[in-house]
Amino acid sequence: MKASDVKKGNVVEHEGTVYQVRDIERSSPTARGGNVTFRFTMYSIPGGRKFDLSLRADDDLKEMDLLRRAANFSYMDGDAYVFMDNEDYTQYTLGPELVGDNAGYIVEGLEGYYVQVIDDAPVGLQVPTSVTLTVVDTAPELKGASATKRTKPAKLNTGIEIQVPEYITNEEKVWVNTLTGEFAGRA
């Protein structure tokens with residue numbers, strides 16, 4: 001596939017590493033005879049490390065087939081997370097290196113997880129944009145706290161810690177935005 005044909009979201013291979021293209025910047029030269037260049041902002045799969053690559057329009061990139069399979073979290077197998085495909089019940093075992101920072105957003109019985117698969121091997125996990133988690137430890141509610149915008153730390157049932165408004169108490173369910181890691185409201 002030519003660099004000029006690459007679109008946002010494509011999955012490509014460069015020097016043995018698989019990347020997903022997140023942004024493309026096209027620069028046209030002002031001088032005659034100059035080459036059009038494309039600057040790609042890509043993130044590695046798995047791992048999510050950012051990588052910038054500049055190519056001329058005629059340069060080749062190898063396109064990879066990335067499948068997104070809807071899956072539900074089943075159970076833990078040691079350190080690994082086991083997900084089951086919603087359609088054909090295939091089990092995908094994802095190690096902690098594939099799950100990464102998303103580990104705090106994995107809850108049983110929640111819809112919206114996608115296992116990213118290349119050549120029948122799981123390479124990443126996509127979590128829903130928001131998840132419901134339970135507050136397991138936070139400071140007690142202060143009288144009159146609902147009138148203020150102050151926050152306090154709260155530990156959630158998956159082990160992550162976020163800032164919540166002062167009126168939130170233990171055992172309360174809260175929405176957490178998985179993109180920012182912030183409190184998004186009561187559930």
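How many bridges join strand β9 to strand β10, and in which direction do the two strands run? The legends below begin with that pair. The model is predicted: local features need pLDDT of at least 70, side-chain atom pairs count only at pLDDT 80 or more, and totals for chains, interfaces and linings use all residues. Residues are numbered from 1 along each chain as its sequence is written, and side-chain values use heavy atoms, with hydrogens and water left out.

**View 1**
Strand β9 (residues 113–118) and strand β10 (residues 121–126) run antiparallel and are joined by five bridges. Strands here are DSSP runs (E, at least two residues), as helices are (H or I, at least four residues), and both are numbered from the N terminus. Two strands pair if DSSP finds at least two bridges between them. Most residues other than glycine have a negative phi.

**View 1. The five-stranded open sheet.**
The strands of this open sheet follow the order β4-β3-β2-β1-β5, and the pairing is antiparallel. β4 (50–56) and β5 (62–63) each have a single partner strand and stand at the edges, so one side of each has no neighbour in the sheet. Strands of a sheet pair through backbone hydrogen bonds. Strand β3 (residues 37–44) runs antiparallel to β4, and seven bridges join the two. Across this pairing, F38 stands opposite L55 in β4.

R39 is found in strand β3. Its relative accessibility is 39%, which counts as partly exposed; on this scale buried means under 20% relative accessible area, exposed over 50%, and partly exposed in between (1.4 Å probe, protein chains only). Neighbours within four places in sequence aside, R39 is in contact with D23, I24, E25, D52, L53 and S54. Contact means heavy atoms within 4.5 Å. The side chains of R39 and D52 make a polar contact at 3.2 Å. A polar contact is a pair of N or O atoms within 3.5 Å; within protein, one must be able to donate a hydrogen and the other to accept it, and residues adjacent in sequence count only if both atoms are side-chain atoms. The C-alpha atom of R39 is separated by 31 Å from that of S130, 91 residues apart along the chain.

**View 2. Q20 in strand β2.**
Q20 lies in strand β2 (residues 17–27). Is Q20 buried or exposed? Q20 is buried, with a relative accessible area of 18%. Leaving aside neighbours within four places in sequence, the residues in contact with Q20 are G9, N10, V11, T41, M42, Y43 and I45.

**View 3. Two loop residues with positive phi.**
Y89 is not a glycine, yet has a positive phi of about 60°. Y89 is placed in the loop between β7 (80–85) and β8 (91–94) and counts as exposed at 58% relative accessibility. E171, also not a glycine, has a positive phi of about 70°. The loop that holds E171 is between β13 (161–165) and β14 (173–177), and at 61% relative accessibility E171 counts as exposed.

**View 4. Domain 2 against domain 3.**
The domain assignment, which is automatic or from a database, gives domain 1 (3–28 + 35–63), domain 2 (68–126) and domain 3 (130–186). The centres of domain 2 and domain 3, taken over C-alpha atoms, are separated by 26 Å. Five residues from domain 2 and nine residues from domain 3 take part in the contact. About 560 Å² is buried between the two domains, with carbon and sulfur atoms giving 73%. Buried area is the accessible area (1.4 Å probe) that two parts lose on being put together, summed over both. On the domain 2 side, G104, Y105 and V107 lose the most area to domain 3, together 78% of what that side buries.

**View 5. N157 in its loop.**
N157 is placed in the loop between β12 (151–156) and β13. At 41% relative accessibility N157 counts as partly exposed. Not counting residues up to four places away in sequence, N157 touches L133, T134 and V136. The C-alpha atoms of N157 and Y105 are separated by 9.8 Å, and the two residues are 52 residues apart along the chain.
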